[in-house]
Amino acid sequence: MNIWLVMAAGGIITFGIRFSLIYLFGRFQIPEAVRRALHYVPPAVLSAIVFPELFMRDGQIMVAFANTRLLAGVIAIAAAWFSKNTLLTIVAGMVALAVLQVLVV
Amino acid sequence: MHEAKNQFWAGVRAELPLLVGVFPFGMIYGALALDAGLSRAAAQMMSSIVFAGSAQFVTAQLVRDAAPALVILLTLAVVNLRHMLYSASLAPYLKNLSLRWKVLLSYLLTDEAYAPAALEYERNGFKPGSHWFLLGAGVALWTTWQFSTALGIFLGAAIPAAWPLDFALPITFIGMVVPSIASLPVVASALSAGVVALLAYGLPFKLGLIVAAVVGVAVGVTLETLKKGSR
């Protein structure tokens, strides 16, 4: 895989999405159903990335105290829920993982 | 021309509070992209070629996982689809601009540039010269993003390899998603996508990600429809 080709294609796709309706204005309207579906895309995609990162250890689902990433992830979720602050969540999650790794090992 | 200048700087000023949050993200992206195996040049250039925060984080993650190019591009497209909403929302304001302006402003149309511009146009209306506001916000963001990426790449090389830096990616996504969860359909959408991602983890080419996203969106839309119907 050539990373430069992927980036070039990624740049074109990203620009195309942003340019699409500004360019097509008046010629095409997004259907209401699609507009509603678009709201669910970010949470769905990002959760689909996060869950395996937290639960999967060596290709297996692992729900145990030894799974420090799952615990740190839960702490990060709590921090995000209460603080509504992305940066604070990152700090909380990383500190939690660092502390748990020392405690559990 | 005077009005254009005023609008441009008003856009820059409106962008400033957002930049406080953007700067550390750019640094984290730079450090993570390097850690995920991208070269310094590729990590830096992605910030100007793609210029989309969360899509760049996702791409770095998938490069680390050695996902095929097609899956990376499909995921990137899905992650960026929300920008179509921004495009739709600003289109009426920008309809009389030249093609050159439309291209430039579309390239800069990120979450953080859209938000202050859309608020400004809704509040004060769109007058001749108002497009300079979006340009000011976009240019301020773009410059900050390039600079913070460079700093992250520079400092990232100094971070010990033993540090679990890769964990910052999922944590960043948690920090983006959780505060945006405002309704039951969104919770259900996120949870179902996560569970399907675990169940479909074994699928080849990381296709589980796409399947999970589609299921999550379907669950969200279905619940929203049911909720409306029951009222």
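A: Contact here means heavy atoms within 4.5 Å, and helices are DSSP runs (H or I, at least four residues) numbered from the N terminus. This is a predicted model, where local features need pLDDT of at least 70, side-chain atom pairs count only at pLDDT 80 or more, and totals for chains, interfaces and linings use all residues. Residues are numbered from 1 along each chain as its sequence is written, chains are lettered from A in the order in which they are written, and side-chain values use heavy atoms, with hydrogens and water left out.

Let's look at helix 4 of chain B, residues 69-80. Its buried residues (under 20% relative accessible area, 1.4 Å probe, protein chains only) are Val71(B), Ile72(B), Leu73(B), Thr75(B), Leu76(B), Ala77(B), Val79(B) and Asn80(B). They pack against helix 1 (3-24) and helix 3 (41-55) of chain A, plus helix 3 (53-64), helix 5 (83-94) and helix 11 (207-229) of chain B.

Now for the pairing with helix 3 of chain B: the two pack at about 155°, with axes 9 Å apart. Axes are lines fitted to C-alpha atoms over the stretch in contact, and angles run from 0 to 180 degrees between N-to-C directions. Helix 3 and helix 4 of chain B are therefore roughly antiparallel, a label for angles over 145 degrees.

Methods: Expected span 1.5 Å × (residues − 1). Buried < 20%, exposed > 50% of the residue type's maximum accessible area, 1.4 Å probe, protein only. Parallel < 35°, antiparallel > 145°, perpendicular 65-115°, else oblique.
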